[in-house]
Each structure stands twice: as C-alpha cells, then as structure tokens.
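Subject: Structure for your files

Hello,

Here is the structure we spoke about. My notes on it follow below.

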Amino acid sequence: MLLLFCCWDDEKKKSKWMEHVPGSFGTSASFALRFGQIIFSFASLIFMCLDYDFYDFTTFCYLTTVMAFVTPWSISLALADTYSVLLKQLPHEPRLLSMVLAGDIVLSFLSLGGACGVASATELLLSMGAPICGDNLCSQYQVSATLAFLCWFLLLASALFNLWSLPSLLY
C-alpha cells in the first residue's frame with residue numbers, strides 16, 4: 001500500500017504528490033530491515049572470527065571486512081530511521097536517498113561476493129578433506145556464509161525499496 005503525502009513546493013508554488021514506499025528510508029519497515037541487517041552481519045562476523053585460522057584464506061578475510069563495513073552502515077541508518085519514525089518526519093532529500101541507495105547497492109554486491117566466496121571455499125575445503133576443517137571449523141564458516149546471504153537479501157530489499165521511492169522525490 002502506498003501512502004501519498006502532499007508537500008508544498010515554495011519555489012514553484014504548486015503542490016507535488018510524493019509516494020513513500022513502506023521499507024524506504026525513514027519508515028518503520030526500513031528500521032526492521034536495518035535491524036535484521038545488523039543482526040545478520042554481526043552474527044556472520046562473530047562466526048567468522050571465532051577461529052584465528054580464517055586469516056589464512058583471502059576470501060574469509062574479505063567477508064570479515066565486508067561485514068565490518070555493513071554493521072556500522074546499518075547501525076547508522078537504523079538510528080536515522082528511528083529518528084524519522086519518532087519525529088514522524090520522513091526525509092525528502094533526493095541527494096540523501098541517493099547516497100543511501102548507492103551505499104545499499106554497493107554493500108549488497110560486496111556481501112553477496114563475500115558470501116559466495118566463503119561458501120565455495122568452504123565447500124572446496126570439505127570436499128578435499130583439508131585438515132583445517134577439523135573441530136567443526138568449516139561448519140562455522142558455512143553458518144557465517146549463510147548469515148551473510150541473509151544479510152545480502154535484506155540489503156538488496158532495502159536498496160530496491162529505496163530505488164522504488166527515489167523517482168517520487170525527483171522533479
């Protein structure tokens with residue numbers, strides 16, 4: 001369901017209808033998506049860092065780095081969503097929404113790449129019977145990759161909702 005808000009444009013002295021998509025930046029649904037991103041990215045980071053041997057593989061370090069970027073990004077945007085929801089004032093700046101959209105898209109693709117890399121490297125290590133997979137380390141890596149996939153899905157959903165609402169903010 002799309003909510004329509006009318007805002008007054010002082011420069012052109014005409015009203016303009018703006019659509020706010022549930023899940024776009026500044027809504028409570030966006031906060032829920034951001035909260036899920038925080039949980040999944042932090043949990044993926046924790047599962048990856050439980051073992052010190054993950055530094056031996058570049059793909060494991062890559063996922064750790066990406067999730068270390070996703071977590072503060074999601075926390076800061078969740079705080080902005082909370083502020084917008086509490087004040088009941090949605091952000092109407094196209095530049096701000098464009099920056100949020102660009103960050104979501106970039107981090108979405110980076111987290112997908114990291115999750116795919118860790119999943120394939122872990123599968124390769126398991127099929128080779130590598131000694132690193134002793135003590136259930138590969139199962140921890142698989143859980144971390146699964147959580148990164150879930151985080152990617154929520155990042156992509158946030159990006160798509162923001163992309164959907166961006167044209168209504170432009171003239």
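Two notes on the source. This is a predicted model, in which local features need pLDDT of at least 70 and side-chain atom pairs count only at pLDDT 80 or more, while totals for chains, interfaces and linings use all residues. Residues are numbered from 1 along each chain as its sequence is written, and side-chain values use heavy atoms, with hydrogens and water left out.

Overall, the chain has four helices and two strands, in the order β-β-α-α-α-α along the sequence. Helices (H or I, at least four residues) and strands (E, at least two) are DSSP runs, numbered from the N terminus. Of the 171 residues, 42% count as buried.

Helix α1 covers residues 28-49.

D104 lies in helix α3 and is buried, with a relative accessible area of 0%. Leaving aside residues up to four places away in sequence, D104 touches R34, W73, L77, L155, S158, A159 and N162, where contact means heavy atoms within 4.5 Å. The side chains of D104 and N162 are joined by a polar contact of 3.4 Å. Such a contact is a pair of N or O atoms within 3.5 Å; within protein, one must be able to donate a hydrogen and the other to accept it, and residues adjacent in sequence count only if both atoms are side-chain atoms.

Regards

Conventions:
Buried < 20%, exposed > 50% of the residue type's maximum accessible area, 1.4 Å probe, protein only. Expected span 1.5 Å × (residues − 1).
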